[in-house]
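Here is a friendly walk through the contacts in this model. We begin inside one chain and then turn to the interface between chains.

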There are 2 protein chains.
Amino acid sequence: MDAHQEAAHETAPDDLESVLAAAHAAARPLARSTPAERADALEAVARALEGARAELVALAGEETHLPQARLEGELTRTVFQARLFAAGLRDGSLLPTRIDHADPDWGMGPRPDLRRTVVPIGPVLVFAASNFPFAFSVAGGDSVSALAAGCPVVVKAHPGHPRLSLATARQVTAALAAVGAPEGTFALVEGVEASKTALTDRRIRAAGFTGSVRGGRALFDLAVSRPDPIPFHGELGSVNPVVVTPAAWAERGADVAAAWVGSLTLGAGQFCTNPGVVLVPDAEAFTAAVDLPVPGPMLHPGIVEGFRTATDELASQPGVRSAASGEAGPDGIAAQVFSVPAADVVANPHLLELEAFGPAGLVVGYSSEDDLRAVLDALPGQLTGSVHAAADDPLAVEVAGLLAEHVGRVVWNDWPTGVTVSSAQQHGGPWPATTSPTTTSVGTAAISRWQRPVAFQGFPTAALPDELKD
Amino acid sequence: MDAHQEAAHETAPDDLESVLAAAHAAARPLARSTPAERADALEAVARALEGARAELVALAGEETHLPQARLEGELTRTVFQARLFAAGLRDGSLLPTRIDHADPDWGMGPRPDLRRTVVPIGPVLVFAASNFPFAFSVAGGDSVSALAAGCPVVVKAHPGHPRLSLATARQVTAALAAVGAPEGTFALVEGVEASKTALTDRRIRAAGFTGSVRGGRALFDLAVSRPDPIPFHGELGSVNPVVVTPAAWAERGADVAAAWVGSLTLGAGQFCTNPGVVLVPDAEAFTAAVDLPVPGPMLHPGIVEGFRTATDELASQPGVRSAASGEAGPDGIAAQVFSVPAADVVANPHLLELEAFGPAGLVVGYSSEDDLRAVLDALPGQLTGSVHAAADDPLAVEVAGLLAEHVGRVVWNDWPTGVTVSSAQQHGGPWPATTSPTTTSVGTAAISRWQRPVAFQGFPTAALPDELKD
């Protein structure tokens, strides 16, 4: 089956209406479910995915061409993630409350008893990504964080893995039904038009998206131009700059170059945290140390095409030259490294927005510390920034601080690919990395995107939500 | 001086450019300031405002026509609020951090050391409100929460109190300079065009607004249509419904009606939390118990005009009739009460979006519990909802739960006006109450609107921000 034929499939208007009506109807009973009930539901989803591992991984392999080990690991991550949200519901850490008792002596005048909890924002529309068929797709981070918050979830399937999407949705739906979750808690829809209709329907109260800047921007524009605008949490694009300090270069330059290539070409470079730009003190020596592997097959023909276009655009920018090229893989594309002097980047910061989704990197040669600082000052928002430092390296500390002004996660002496799911994770950043710079789409803090605070003033204990009782 | 002549004053383009350049330049040193330094700055602002109390209250009285006691109280609240943010910086509660130590046995694969803190989002543009010349204006909640977060602040003065705005800004600027805050930490600009230019300037990274749905929507649209969209936190409109249960009505109906009028006409009804809609089991008896006072002077002629238009529109809706009208005040307008059967509201929920900013209320008569539930289901987003209950009143508990689906704060047996500033406060709600339903514009949690999380991965202790060190 060709993924691009499948992409033409659209959920019919009547079916979409049923999905939206059911999601709307499920919102109230879900909002009234207990944290333990939601944890049960997420654990049931986790068990169902684990139980269908062989079927799901095989389907994912057929549709995405990603290697089995990678897909096994990604499914493990996805199951773990659902369980982590369940654990946070059970221990209360994902349901923040705050109690201010009445205070007649409060400095601005007597204060009533005031207690704040969170309620689910309502039905959430999730746009699945192509490059993580499990972890950022049907049962991925957006879906489980929204379910944990108590929101019905409607997922727009990515056309790159339609059969996997349906199979995953079947597992999720059956698992939720088995633990008694309200009908309408979860549904899958397909097609661009159906998803746009859903995004602008008043019953959808928020949206999550993982994908390109162009696609994300178009959907963001729809969400915010509704008569009743809604939050749109889009994780878009990033070149994830890596800085190699002169001291790190002197200490272990060739090792850093080899490791960079490993991170850059991992999974044919199809990661939003792919380190597409590296800043080094000696671009010529760095690129000479680069040995590019043959890339594996890419996710689908659209990504191959996009990679060609993006690398052509990169190559045509002032000062950019091709510095290394590997052997072509099964899709006819090769890993590529370009180089450019820092001064050309400062003159044309647009270079730092040219994400070539795939195995291509840009080596920026800086000739002085000020040259490096000027590039960092011109950085658009990024998901991550990394610094490779020597043992005693004051410049690296300064660089980490400068990167923190533009990125969501700063990495020390390591690579940005491989994003752990935990409480302290922050996967986000200023535009164009995301549409929502104060939130994260990975880690348990992602739940806050779907939680709306509500304060209760002057309530008798019996009338308070349980979590707000003394 | 006529406020409307003053409204024509526009900050000149060159001056605006200087303000934006200075705010941009201040962002980095402010971001690197310690929490104690920011607390010092806020306390200096508080002292300066307190020190200029006589001058500021007199100016506010001249320009807003609000009574002195109200203005004294509002200034007290504003000073208190600045000090509350300072206290939260000193005790660390406003700077959330999270540390995940490295864990080789983490369920999805080895976890690196990961530590999350918050950084300021960058220069913030604040649109001051007309109705709170201190608490939601130049040195109000948006400004002090953004300063607490470490963001430079540019305030767009409200034309309703231009001299007060300048006088307040002088106090703030001098206080900040005296404690050594970076130049550019704070500035005032004037005029619609200047503020639109600022809102779409790449150096402004977020905005806060308090005002009307129409004005807020226009600015929201500008903020989200930038090439680099930014968060726009607008606190817009609300009719703040109040439900009187049959049991409460039977117990103390006339007292509730009298108290409602008190809250409705407080400050000539010029509060965003004004309880504009009350749902009662017997509309005729309720309106018969209403005794409307003569309203005091309104803030400015534009508000008088808007009130006339809004009450005319309300009066023309199907099923709405005039139920009570008081004696006209100095602006020629009278307090007014309309009534409408619940069925007409359900058929025309638009009625629940017709905020008449001023001393006007709508009494909705419900004839059964289901009738009441149908109105609550049709509610657009609100800042607050209140329920008046008897001692043992299961319906009131249910109503509180239904209100929580649509509002930011639910009030029990009290009125929504008078919003305390504390940790548990939530002043927000779904559209059209705000553009930003997961945040608050009052209370210390307001700081999170201006904080961007950043995670540090694998850092040696010496290179970590202080607050993330073990």
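## Ground rules

Buried area is the accessible area (1.4 Å probe) that two parts lose on being put together, summed over both. This is a predicted model, in which local features need pLDDT of at least 70 and side-chain atom pairs count only at pLDDT 80 or more, while totals for chains, interfaces and linings use all residues. Residues are numbered from 1 along each chain as its sequence is written, chains are lettered from A and ligands numbered from 1 in the order in which they are written, and side-chain values use heavy atoms, leaving out hydrogens and water.

## Inside chain A

## Between the chains

Chain B and chain A bury about 5,600 Å² between them, and carbon and sulfur atoms account for 60% of it. Met108(B), Arg452(B) and Gln457(B) supply 12% of the area that chain B buries against chain A, more than any other three residues.

Six salt bridges cross this interface; one of them joins the side chains of Arg28(A) and Glu405(B) at 2.7 Å, N to O.

Definitions and conventions: Salt bridge = Lys/Arg side-chain N within 4 Å of Asp/Glu carboxyl O.
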